[in-house]
Amino acid sequence: MYRQTIEKQTIQEIKEKMEQGLLPQWILTDPSIYEREQEKIFARTWQFLAHDSELPEPGSYVTRWIVDDPILVIRTNDGEIKAFLNSCPHRGTMLCTADFGKKKSFLCPYHGWSFNLNGDLIGVVAGDKVYGEEMKKDDWGLRPIAQVAAYQGMIFATLDPDASSLEEYLGGMKWYLDILLGRSGGMEVRGLPQRWVVNTNWKLVLENFSGDPYHVQSTHRSTVELGISPKDPLYAGYGHQVVLENGHGINVITAQGQGRPERPPYQGLPEEMWPLFESNLSKEQLRVFAKTTVFVGSIYPTLSFNSPVHGSEGHLHNYLNFRVWRPLGPDKIEIWSWFMIDKAAPDDYKEDAYKGYISSFGPSGTLEQDDTEIWTRVAQTSKGYMARNKVLSYNNLLNYLMGFERVLPDENFPGPGIAYPTCYLDAIHRATHEHWLELISRD
């Protein structure tokens, strides 16, 4: 069954299985599937690049990636955010190799061509003598990324000039991002994004954050044994799982159940911040925010977020973790992880929250190590012959039947999207994979 191309019959077979709540396991690590994803998904959707606070003043820049395309993100002298392909138009070398910094211009290390903050070519070594006066510098500026836009300080880009606007793409997710990012007047990135490589597939880690609180009691069993997490096996399931358009989804986890003490409202954020929440959020958003312990979800295809209440040494604090799953191949990703906190939070709270983040997530975090071990095992078992041979048994199919045609939406939930009254559900998984199939089936 090894395929060099993905045929219509194969697409139809995948669709038929998905209609049964099943997904062929081989698609996770198939090279031809991955090649099609690069063209149909990553080159046509909006991708997260940076947060506004990482570019504090004119000349500030960061270097990022959209899969294999290196991206240079710059704040210009006018305060505008621009993004360019991080490649000199002369011979193609990577223009800027530093992760971040501040410059007045960018100098190519190969032949010395220089570019200003707007991407214009402003200097060519011995230009008139070796190229002649007929060389038009205006034709040799940095190649701009097709579209760049921001929402609540989050900077996104797409390589597709014909893609819908960012706000249209985010859709109902904006309502929840307003709670996470706009509740107190703005967020800031603290420290630098952590980066590490894991041998797994991007779809797998996306679905883990999009809609899988069900794994917490087993994968993170050590936190239960240590008393960090409650013993109630349903505690991560209390709340709502919300399916949104374009493959996005979020779990609004209240985590109230047997053996779970009452938590203070607004994820335990300092009481002096509450008036800010009341002035920036609607009554419906406040009602959801006040009851929620954890927000966790994804913006399709490669951005996930987690806003929990974690801590170290017995002290619990809230923070926001944004993470990008940058594909490096069908069975390898580079994880980028940002720690974010309310600008208005007290300094000591910010520091304690950062310690809580480091102890839980990032390459040294206990929860992170639990997850990556499982993710690599799934990728390993998805490469073999038996995972591809569809006549053997259902063991080569991924099971997304939790709540299938049984759990109905909660019509009284105040936020946008289709909200189901439990987070132990595969509704987001099925919707995400249906959107994936729609995208790779185009043309």
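Is the crossing of H5 and H10 left-handed or right-handed? In this predicted model, the crossing of H5 and H10 is right-handed, where a crossing counts as right-handed if the near helix is turned clockwise from the far one, and as left-handed if the near helix is turned anticlockwise by less than a right angle. Residues are numbered from 1 along each chain as its sequence is written, and side-chain values use heavy atoms, with hydrogens and water left out. Because the model is predicted, local features need pLDDT of at least 70 and side-chain atom pairs count only at pLDDT 80 or more, while totals for chains, interfaces and linings use all residues.

Helix H5 (residues 173-182) packs against helix H10 (residues 283-291) at about 65°, with the axes 10 Å apart. Helices here are DSSP runs of H or I with at least four residues, strands are runs of E with at least two, and both are numbered from the N terminus. Axes are lines fitted to C-alpha atoms, for helices over the stretch in contact, and angles run from 0 to 180 degrees between N-to-C directions. Trp-175, Asp-178 and Ile-179 of H5 meet Glu-284, Gln-285, Val-288 and Phe-289 of H10, contact meaning heavy atoms within 4.5 Å. These residues comprise 4 nonpolar, 1 polar and 2 charged (nonpolar: Ala, Val, Leu, Ile, Met, Phe, Trp, Tyr, Cys and Pro; charged: Asp, Glu, Lys and Arg; polar: the others, Gly among them).

Helix H2 (residues 31-42) and helix H14 (residues 427-440) cross at roughly 85°, and their axes come within 9 Å. H2 and H14 are therefore roughly perpendicular (65 to 115 degrees). On the H2 side, Ile-33, Arg-36, Glu-37, Lys-40 and Ile-41 meet Trp-436, Leu-439 and Ile-440 of H14. This contact has 5 nonpolar, no polar and 3 charged residues.

Turning to the aromatic rings, the whole structure holds 21 aromatic pairs (rings of Phe, Tyr and Trp, the last by its six-membered ring, with centres within 6.5 Å; planes under 30 degrees apart are stacked, over 60 edge-to-face and the rest tilted). Phe-48 and Phe-322 form a tilted pair, because their centres are 6.0 Å apart and their planes lie at 40°. Phe-48 belongs to strand S2 (residues 47-51) and Phe-322 to strand S20 (residues 320-329), so the pair ties together parts 274 residues apart in sequence. Phe-48 is buried at 6% relative accessibility, and Phe-322 is buried at 0% (buried means under 20% relative accessible area, exposed over 50%, partly exposed in between, with a 1.4 Å probe and protein chains only).

How values were computed: Parallel < 35°, antiparallel > 145°, perpendicular 65-115°, else oblique.
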